[in-house]
Amino acid sequence: MEFLFDTANIQEIQKYIAIYPITGVTSNPSIIKKEGKIDFYRHFRQIRAIIGAERSLHIQLTAPDEGTMLREADTVLNKVDDKVFIKVPVNENGLKVMRALKKDRIGVTATAVYSKIQGYLALETGADFIAPYYNRMENLDIDAYDTIACLAEQIRAYGYNTKILAASFKNIAQVNAAFAAGAQTATLSPQLLHEAMGMAAIGKAVADFKSDWESVFDGKDLTQL
């Protein structure tokens, strides 16, 4: 089980990477839009410097056609680093691009997955990660849990070296469900984790423990006994 941050905000990454045991950072054009017109490659080199080479960094292509997508991938790998996982939407042009990238042993994250057949085809291209969109599927009345469970079963049955990188969450319950369905990884906003850890019941429990301890030991902590 792995957690990734779904953000391109450097301040968020710097703050929360010290708290949460993440294994990487993902982004997409909609996430990047929130940061404004950044110096794109410098920005992602900075993110790489923060997260280190041992964590994965996923950057999405933006072009609709095969030729431009491949040129974009080459540019990303040259201007950030060659360890970046290239995010490619699973459509017909995307499948061609993924096959070409994997032929050159480039890391691929198959994204914009809404259906089992998309996932199955991405598995066959050799994608390293498959990113089913949990909340977006639910909004379309697609059974996200079942979709992930079926993908996980195919990975187990046929020994694919692919991880399910569940994405698109509006709450922690969806994250938990994705893992229960068989996702190995999930990418989510750091704020979603922050809100989950800020649950009132957790705060009350900590305060109650502190009060009970101080009532017995006159406010001394463990180092003062």
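Of the 225 residues in this chain, 44% count as buried. The model is a predicted one, and every value below is computed from it. Along the principal axes, the C-alpha atoms fill a box of roughly 70 × 40 × 30 Å. The chain contains 11 helices and eight strands. Among the contacts with a separation of 6 or more, 55% are between residues 24 or more positions apart.

The chain is also divided into domains. Its domain assignment gives domain 1, covering residues 1-187, and domain 2, covering residues 198-224. The C-alpha centres of domain 1 and domain 2 are separated by 41 Å.

The helices may be considered next. Two packed helices are described by the angle between their axes and the distance between the axes. Helix α5, formed by residues 92-103, and helix α6 have axes that come within 9 Å and cross at roughly 25 degrees. Because angles under 35 degrees count as roughly parallel, α5 is roughly parallel to α6. The crossing of α5 past α6 is right-handed. In this pair, Leu 95, Met 98, Arg 99 and Lys 102 of α5 meet Leu 121, Ala 122 and Thr 125 of α6.

Helix α6, residues 116-125, also packs with helix α8, residues 144-158; their axes lie 9 Å apart at an angle of about 25 degrees. This angle makes α6 roughly parallel to α8. The contact involves Lys 116, Gly 119, Tyr 120 and Leu 123 on the α6 side. On the α8 side, Asp 146, Thr 147, Cys 150, Leu 151, Gln 154 and Ile 155 take part. The crossing of α6 and α8 is right-handed.

Is Asn 28 buried or exposed? Asn 28 counts as buried because its relative accessibility is 14%, and the limit for a buried residue is under 20%. The side chain of Asn 28 reaches the backbone nitrogen of Ser 30 at 2.9 Å. A polar atom of the Asn 28 side chain also lies 2.8 Å from the backbone nitrogen of Ile 31. When residues up to four places away in sequence are not counted, Asn 28 touches Gln 60 and Lys 87.

Thr 187 lies in strand β8, which spans residues 185-188. With a relative accessible area of 3%, Thr 187 is buried. Which residue has a side chain joined to that of Thr 187 by a polar contact of 2.6 Å? The partner is Thr 26. Neighbours within four places in sequence aside, Thr 187 is in contact with Leu 4, Phe 5, Asp 6, Thr 26, Leu 165, Ala 166, Ala 167 and Phe 169.

Backbone angles provide another view of the model. Most residues other than glycine have a negative phi, and most peptide bonds are trans. Arg 105, although it is not a glycine, has a positive phi of about 60 degrees. Arg 105 is located in the loop between α5 and strand β5 (108-113). Its relative accessibility is 78%, so Arg 105 counts as exposed.

Ser 168 likewise is not a glycine and has a positive phi, of about 65 degrees. Ser 168 sits in the loop between strand β7 (163-166) and helix α9 (172-181). Where Arg 105 counts as exposed, Ser 168 counts as buried, because its relative accessibility is 17%.

How many residues apart in sequence are Gly 52 and Thr 23? They are 29 residues apart in sequence, and their C-alpha atoms are 10.0 Å apart in space.

Note on methods
Residues are numbered from 1 along each chain as its sequence is written. This is a predicted model: local features need pLDDT of at least 70, side-chain atom pairs count only at pLDDT 80 or more; totals for chains, interfaces and linings use all residues. Side-chain values use heavy atoms; hydrogens and water are left out. Domain bounds come from an automatic or database domain assignment. Buried means under 20% relative accessible area, exposed over 50%, partly exposed in between (1.4 Å probe, protein chains only). A polar contact is a pair of N or O atoms within 3.5 Å; within protein, one must be able to donate a hydrogen and the other to accept it, and residues adjacent in sequence count only if both atoms are side-chain atoms. Contact means heavy atoms within 4.5 Å. Axes are lines fitted to C-alpha atoms, for helices over the stretch in contact, and angles run from 0 to 180 degrees between N-to-C directions. Helices (H or I, at least four residues) and strands (E, at least two) are DSSP runs, numbered from the N terminus. Angles under 35 degrees count as roughly parallel, over 145 as roughly antiparallel, 65 to 115 as roughly perpendicular and the rest as oblique. A crossing is left-handed if the near helix is turned anticlockwise from the far one by less than a right angle, and right-handed if clockwise.
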